[in-house]
Amino acid sequence: TEKPEGGTVRVTSKGKKIRKPRTIYSSLQIQQLNKMFQRTQYLALPERAELAAKLGLTQTQIRGNYFHIQNVKKTRNLKILHSFAYVYLKHSCTLNIT
C-alpha cells in the first residue's frame, strides 16, 4: 500500500497496519531530552534536527514521541493539580463557615 508521501505501509495478511516498535531511549538520550524540554516545551525545526542528529534519533522520534508525551504529561498533571486545588478550596470554604 502506498502512502501519500511515496513511502510504503506494511500490512498483515488481514490488512492491519504493522506498527513500528516502540522507541527505547537510552539514559543519555532521556537526560538530554529532559534538559531540552526544561528549556523549551516546543522545538523549532532546526533545533529538532540538530538534537536528533546529536542523539542519533529521527526528528519524528523527538517531535512525535518524546516532546508530545512530555507535553501531554504536563497538561494532565496541571489538570490534576487544578482539580485538587478546587476540591481543597471548596472543602476549606465549607469548613470555615460556622
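**The core and what surrounds it**

So, the largest nonpolar core here has 11 residues: Y25, L33, M36, F37, L43, L51, A52, L55, L57, I62 and Y66. By nonpolar core I mean a set of buried Ala, Val, Leu, Ile, Met, Phe, Trp, Tyr and Cys residues joined through side-chain atoms within 4.5 Å. The elements giving two or more residues to this core are α1, α2 (45-55) and α3 (59-96). Helices are DSSP runs of H or I, at least four residues, numbered from the N terminus.

Before I go on, a caveat: this is a predicted model, where local features need pLDDT of at least 70 and side-chain atom pairs count only at pLDDT 80 or more, while totals for chains, interfaces and linings use all residues. Residues are numbered from 1 along each chain as its sequence is written, and side-chain values use heavy atoms, with hydrogens and water left out.

Now take α1, residues 27-39. Its 13 residues reach 19 Å from first C-alpha to last, close to the expected 18 Å; that expectation is 1.5 Å times one less than the number of residues. Which residues of α1 are buried? They are Q29, Q32, L33, M36 and F37. Seen down the helix axis, these fall within an arc of 135°, so they line one face of α1; the arc is taken from the directions from the axis to the C-beta atoms. On the other side, S27, L28 and Q38 are exposed. For cut-offs, buried is under 20% relative accessible area, exposed is over 50%, and partly exposed is in between, with a 1.4 Å probe and protein chains only.

Next, L43, which sits in the loop between α1 and α2. L43 is buried, at 14% relative accessible area. Its C-alpha is 9.0 Å from that of I62, 19 residues away in sequence.

Over in helix α3 we find Q61. A polar atom of the Q61 side chain lies 2.8 Å from the backbone nitrogen of T58. Leaving out residues up to four places away in sequence, Q61 touches T23, Y25 and Y66, where contact means heavy atoms within 4.5 Å. With that same exclusion, Y66 touches Y25, I30, L33, N34, F37 and Q61.

Last one: R22, in the segment before α1. Is R22 buried or exposed? R22 is exposed, at 75% relative accessible area.

Definitions and conventions. A polar contact is a pair of N or O atoms within 3.5 Å; within protein, one must be able to donate a hydrogen and the other to accept it, and residues adjacent in sequence count only if both atoms are side-chain atoms.
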